[in-house]
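Please look over the sequence and the structure before reading on.

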Amino acid sequence: MSVLDKLKLDDKVAIVTGAGRGLGRAMSIALAEAGADIVVTARTKTQIEETAGLVRQTGRKALPVSCDVTDSSSVNAMVEATVAEFGRIDILVNNAGGYTAGYNDELADISDETWRIGIDTNLTGAVFCCRAVIPHMTAAAQTGTGRGKIINVTSGFGLRAGRNNFSYTAAKAGLINFTRALSMTYPATIQANLIAPGLFPHGQKALIDWWKGGKFVPMGRLGLDEELGPICVFLASGLSDYMNGQIIVLDGGGLAGGQAPTGFAPVIPMEVA
Ligand SMILES: NC(=O)c1ccc[n+]([C@@H]2O[C@H](COP(=O)([O-])OP(=O)(O)OC[C@H]3O[C@@H](n4cnc5c(N)ncnc54)[C@H](OP(=O)(O)O)[C@@H]3O)[C@@H](O)[C@H]2O)c1
């Protein structure tokens with residue numbers, strides 16, 4: 001089989017969480033362009049319907065399912081709806097997440113509630129989705145009808161920290177080791193890997209301004225959503241069959257050299273030798 005044939009995802013079924021907008025939408029479209037049918041999930045119905053429409057424009061099937069990943073019964077229902085519609089799950093992209101209420105609070109101001117929302121949204125949701133999906137992947141492997149690819153979306157903030165950035169960095173770092181534990185537990189049937197995006201503003205002016213247009217990024221620019229999709233396709237495809245428990249960082253070289261966007265710069269500016 002040629003390299004390009006191995007990239008194809010024809011007849012595979014992928015669940016993408018947080019697929020209503022942003023990176024989740026971009027990865028849904030890329031996976032569909034590679035041949036997969038997509039279960040498009042998030043909480044906001046209008047947004048998942050919109051992504052589903054874009055998936056269908058590629059010629060693939062889309063099943064929009066409302067789901068709150070922090071609620072295990074909602075996750076279980078979403079996975080049951082997937083199996084009822086498609087009868088299989090080959091790929092799970094745990095992308096739902098982001099900053100939650102009070103994400104930038106000083107430690108003393110973090111309530112039990114805001115701490116839990118941050119951890120639930122960025123770590124526990126992925127755990128619930130894996131717990132619901134993995135039995136289907138392992139059953140398919142046992143009958144020789146498939147195997148599983150899990151792609152968890154962490155962040156540069158899973159690999160470094162930020163001032164007053166507690167629940168998000170803790171959750172995204174936790175997601176990395178949770179993924180490594182998956183990769184140690186199911187290596188015969190499932191590969192679990194991570195993508196760590198850098199700064200992707202989705203064209204939003206407020207984010208572009210906050211991140212100074214990417215001038216702190218070694219490549220001098222911010223990420224484009226469509227640049228993440230191919231990495232997701234690679235991790236979902238046969239081209240990455242020997243990759244397990246790894247992180248692909250897509251950040252224009254930020255972590256390689258240590259980027260310091262406004263708000264995270266050292267209190268005492270570093271001197272250039
Ligand atoms: N953009 C970046 O620069 C960047 C950098 C590093 C890492 N990341 C990570 O990449 C992922 C996507 O980020 P993004 O920038 O594309 O975010 P976004 O534009 O805010 O989209 C987040 C998606 O997740 C969904 N979501 C949030 N909470 C959810 C919940 N409890 N249950 C189900 N769905 C939920 C949202 O839909 P609903 O609100 O409708 O549910 C939405 O579809 C996140 O995990 C984020 O932490 C992003």
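How many of the residues of strand β6 (residues 190-197) are buried? In β6, 8 of the 8 residues are buried, so the strand is largely enclosed by the rest of the structure. A residue is buried if 20 or more other C-beta atoms lie within 10 Å of its own, exposed if 12 or fewer, and partly exposed in between, with C-beta atoms placed from the backbone.

This is a predicted model, in which local features need pLDDT of at least 70, side-chain atom pairs count only at pLDDT 80 or more, and totals for chains, interfaces and linings use all residues. Residues are numbered from 1 along each chain as its sequence is written. Helices (H or I, at least four residues) and strands (E, at least two) are DSSP runs, numbered from the N terminus.

**Strand β6 and its partners**

- One side of β6 carries I190, A192, L194 and A196, the other carries Q191, N193, I195 and P197, and all of these are buried.
- Strand β5 (residues 148-153) pairs with β6 in the parallel sense over 6 bridges; two strands pair if DSSP finds at least two bridges between them.
- N193 in β6 is the bridge partner of I151.
- From β5 the chain passes through helix α6 (residues 167-185) to β6 in a right-handed β-α-β crossover; right-handed means that, with the strands pointing away from the viewer, the path from the first strand over the helix to the second runs clockwise.
- Strand β7 (residues 247-250) runs parallel to β6 and is joined to it by 4 bridges, and V249 in β7 is the bridge partner of A196.

**Strands β2 and β3**

- In strand β3 (residues 62-66), 4 of the 5 residues are buried.
- Strand β2 (residues 37-42) runs parallel to β3, with 5 bridges between them, and I38 has A62 in β3 as its bridge partner.
- Helix α3 (residues 45-57) carries the chain from β2 to β3, and this β-α-β crossover is also right-handed.

- Helix α8 (residues 229-236) is largely enclosed by the rest of the structure because 6 of its 8 residues are buried: G229, C232, V233, F234, L235 and A236.
- These buried residues pack against α1 (3-7), β1 (13-17), α2, β4 (91-94), β5 and β6.
- Not counting residues up to four places away in sequence, C232 touches M27, A30, L31, V93, I151 and I195; contact means that C-beta atoms, placed from the backbone, lie within 7 Å.

**Loop residue L222**

- L222 is in the loop between α7 (205-210) and α8, and counts as buried because it has 23 C-beta neighbours inside 10 Å.
- L222 and G252 are 30 residues apart in sequence, but 7.6 Å apart in space, C-alpha to C-alpha.

**Ligand shell**

- Of the 27 residues around the ligand, G18, G22, R43, T44 and G97 come nearest; a residue is near if its C-beta atom, placed from the backbone, lies within 6 Å of the molecule.
- Helices α2 (22-33) and α5 (112-142) each give two or more residues to the shell, and α2 gives the largest share, 3 residues.

How values were computed: Two residues are in contact if their C-beta atoms, placed from the backbone, lie within 7 Å.
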